[in-house]
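Please look over the sequence and the structure first, then read the points below.

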Amino acid sequence: MRLFGFLKRKDARDVKRKELPEDVKRVVEILKRVRDPETDLNIVDEGLVYGVTIEGKKAQIFLFMARSTPECHFCQMMAINVQRRILRDIINVLKQEGFNKIEIYNEIGLLLEEG
């Protein structure tokens with residue numbers, strides 16, 4: 001053990017992931033296949049997914065979909081298209097994995113899409 005080894009912090013993300021139920025861990029891994037078309041990062045590592053609830057074959061996904069430039073109409077349209085693609089891809093990957101009811105909510109609890 002190094003001199004100050006006891007001061008080393010655990011990564012909070014690792015601790016939280018270890019404590020997740022197995023079905024939620026599985027869905028988080030599935031959601032890593034969904035990529036943000038603007039950044040090409042997966043939506044989990046990008047921080048868009050902040051909640052997952054699983055009940056049998058029903059999945060509820062909670063996303064943080066912040067808007068960056070509300071004054072720019074072109075930017076709004078791009079953001080809407082990116083959001084639609086992400087929502088569509090989430091539904092597709094979860095349907096492929098056997099989920100038959102999928103609900104996707106935004107950060108304030110509004111239903112964005114269901115499939």
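The accessible surface of the protein comes to about 8,200 Å², and carbon and sulfur atoms hold 54% of that area. The model is a predicted one. Of its 115 residues, 30% count as buried.

**Overall layout**

- The protein has three helices and four strands.
- Read from the N terminus, these elements follow the order α-α-β-β-α-β-β.
- Among contacts with a separation of 6 or more, 52% are between residues 24 or more positions apart.

**The largest nonpolar core**

- This core holds 26 residues, and those touching the most other members are Leu31, Val52, Ile61, Ile90 and Leu94.
- Two or more core residues come from each of helix H2 (22–31), strand S1 (49–55), strand S2 (58–63), helix H3 (73–96) and strand S3 (101–105).
- The most is given by H3, which supplies seven residues.
- Apart from neighbours within four places in sequence, Leu94 is in contact with Val27, Ile30, Leu31, Ala59, Ile61, Phe99 and Ile102.

**A buried loop residue**

- Asn106 sits in the loop between S3 and strand S4 (111–114).
- Asn106 has a relative accessible area of 11%, so this residue counts as buried.
- Leaving out residues up to four places away in sequence, Asn106 touches Tyr50, Leu63 and Leu112.

**Salt bridges**

- The whole structure contains nine salt bridges.
- One of them pairs Lys32 with Glu29, with 3.2 Å between the closest N and O atoms. Lys32 is partly exposed at 23% relative accessibility, and Glu29 is partly exposed at 47%.
- Another joins Asp89 to Arg85, where the closest N and O atoms are 3.6 Å apart. Both residues belong to helix H3 and are four residues apart, about one turn of the helix. Asp89 counts as buried because its relative accessibility is 16%, under the 20% cut-off. Arg85, with a relative accessible area of 39%, is partly exposed.
- Lys101 and Glu103 also meet through their side chains in a salt bridge, at 3.6 Å from N to O. Lys101 is partly exposed, with a relative accessible area of 32%, whereas Glu103 is buried, with 9%.

Methods: Residues numbered from 1 in each chain as written. Predicted model: local features only at pLDDT ≥ 70, side-chain atom pairs only at ≥ 80, totals over all residues. Heavy atoms only, no water. Core = buried A, V, L, I, M, F, W, Y, C linked by side-chain atoms within 4.5 Å. Buried < 20%, exposed > 50% of the residue type's maximum accessible area, 1.4 Å probe, protein only. Contact = heavy atoms within 4.5 Å. Areas by Shrake-Rupley, 256 points an atom, 1.4 Å probe, with all protein chains shown as cover. Salt bridge = Lys/Arg side-chain N within 4 Å of Asp/Glu carboxyl O.
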